[in-house]
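Me: I would like to learn how to read the features of a model like this one, taking them one at a time. Could we begin with contacts between charged side chains?

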Amino acid sequence: MSKNRFSIYFLCIFFYLIGVIAGIVLLLRGETGSFLEGFGLTLREFLFAQDFALEMKPFFTEILKWRIGLWGLIALFYGSKKKNVILYFLFFYLGMCSGLLVEQLTIMYGLRGILLFFLLEFPHFYFYGFSYLVLGDKQNSGLMLFVSYCILMAGCILECYVNPILLYNAFKI
């Protein structure tokens with residue numbers, strides 16, 4: 001692995017962790033009104049897994065619209081130097097959403113909320129992160145763009161069909 005590629009991965013993880021801390025601080029300060037509504041898709045995923053009442057098709061199309069929008073923002077700048085700045089901002093945003101979510105789940109469920117947070121993010125979140133990192137790679141080719149898109153689609157399928165089952169079974173514990 002080249003040194004430049006390692007620094008991009010390190011900075012993405014760094015901005016994600018800074019975002020987690022910022023999200024937790026925002027929630028603790030009580031400044032979450034409109035921001036929580038903007039990230040409400042993650043909360044809806046969580047509530048969906050609790051009661052299993054929504055139909056899968058609208059949920060899947062909503063997830064596709066949201067995830068492809070974020071992916072498309074980075075893909076739009078694919079091949080330019082600005083994509084890394086957008087990539088860092090995206091990881092910061094995802095970190096803030098994760099920080100808000102882990103804090104809310106901890107407030108609602110205590111220590112069990114932390115376990116629910118990891119189940120909520122598993123396995124699809126790792127696919128999304130990897131897909132975004134593939135877009136941040138220096139190899140600017142159509143093949144890498146296609147691979148990144150396929151990884152993103154696999155993450156969407158996991159998020160809509162595997163993750164709710166894992167969460168539903170976790171609530172039985």
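Reply: In this predicted model, the side chains of glutamate 159 and arginine 67 meet in a salt bridge, with 2.8 Å from N to O. The cut-off that matters here is a side-chain nitrogen of Lys or Arg within 4 Å of a carboxyl oxygen of Asp or Glu, and by this rule the count comes to 1 salt bridge.

Me: Which helices hold glutamate 159 and arginine 67, and how many residues apart in sequence are the parts that the pair ties together?

Reply: Glutamate 159 belongs to helix α8 and arginine 67 to helix α4, so the pair ties together parts that are 92 residues apart in sequence.

Me: Are glutamate 159 and arginine 67 buried or exposed?

Reply: A residue is called buried when its relative accessible area is under 20%, and both glutamate 159 and arginine 67 are buried. Helix α4, which covers residues 56-76, also holds phenylalanine 59.

Me: How many helices and how many strands does the protein have, and what share of its residues counts as buried?

Reply: The protein has 8 helices and 0 strands, so that its elements, read from the N terminus on, run α-α-α-α-α-α-α-α. Of its 173 residues, 45% count as buried.

Me: How should I read a pocket, and which residues are the closest to the centre of the largest pocket?

Reply: Rolling a probe the size of a water molecule over the atoms shows where empty space is left. In this model about 270 Å³ of space lies in the largest pocket, and of the 14 residues that line it, Tyr16, Phe91, Phe125, Tyr126 and Gly129 are the closest to its centre. At least two residues of this lining are supplied by each of α1 (3-29), α5 (83-109), α6 and α7, and α7 gives the most, with 5 residues. By type, the residues of the lining divide into 12 nonpolar, 1 polar and 1 charged.

Me: Where is phenylalanine 125 found, and why does it count as buried?

Reply: Phenylalanine 125 is found in helix α7, and it counts as buried because its relative accessibility is 18%, with the cut-off set at under 20%. The C-alpha atoms of phenylalanine 125 and cysteine 156 are separated by 9.2 Å, while these residues are 31 apart along the chain.

Me: What is the peptide bond from phenylalanine 122 to proline 123, cis or trans?

Reply: The omega angle is the value to look at, and for the bond from phenylalanine 122 to proline 123 omega is near -10 degrees, which makes it cis. Proline 123 has its place in the loop between α6 and α7.

Me: Which residues form the nonpolar patch on the surface?

Reply: The patch is formed by Leu111, Ile114, Phe118, Phe122, Tyr126, Phe127, Ile157, Tyr161, Val162 and Leu166, which together have about 940 Å² of accessible area. Two or more residues of the patch come from each of α6 (111-121), α7 (124-135) and α8 (142-170), and α8 gives the most, with 4 residues. Tyrosine 126, which lies in helix α7, is one of the patch residues and is also among those closest to the centre of the largest pocket.

Terms used:
Residues numbered from 1 in each chain as written. Predicted model: local features only at pLDDT ≥ 70, side-chain atom pairs only at ≥ 80, totals over all residues. Heavy atoms only, no water. Patch = residues over 30% accessible without salt bridge, like charges linked within 9 Å, V, L, I, M, F, W, Y side chains within 5 Å. Areas by Shrake-Rupley, 256 points an atom, 1.4 Å probe, with all protein chains shown as cover. 1 Å grid on protein atoms, 1.4 Å probe; cavity = no way out; pocket = protein on both sides within 12 Å on 5 of 7 lines; lining within 4 Å. Points joined across faces, edges and corners; volume = space filled by probe spheres on them. Nonpolar A, V, L, I, M, F, W, Y, C, P; charged D, E, K, R; others polar. Buried < 20%, exposed > 50% of the residue type's maximum accessible area, 1.4 Å probe, protein only.
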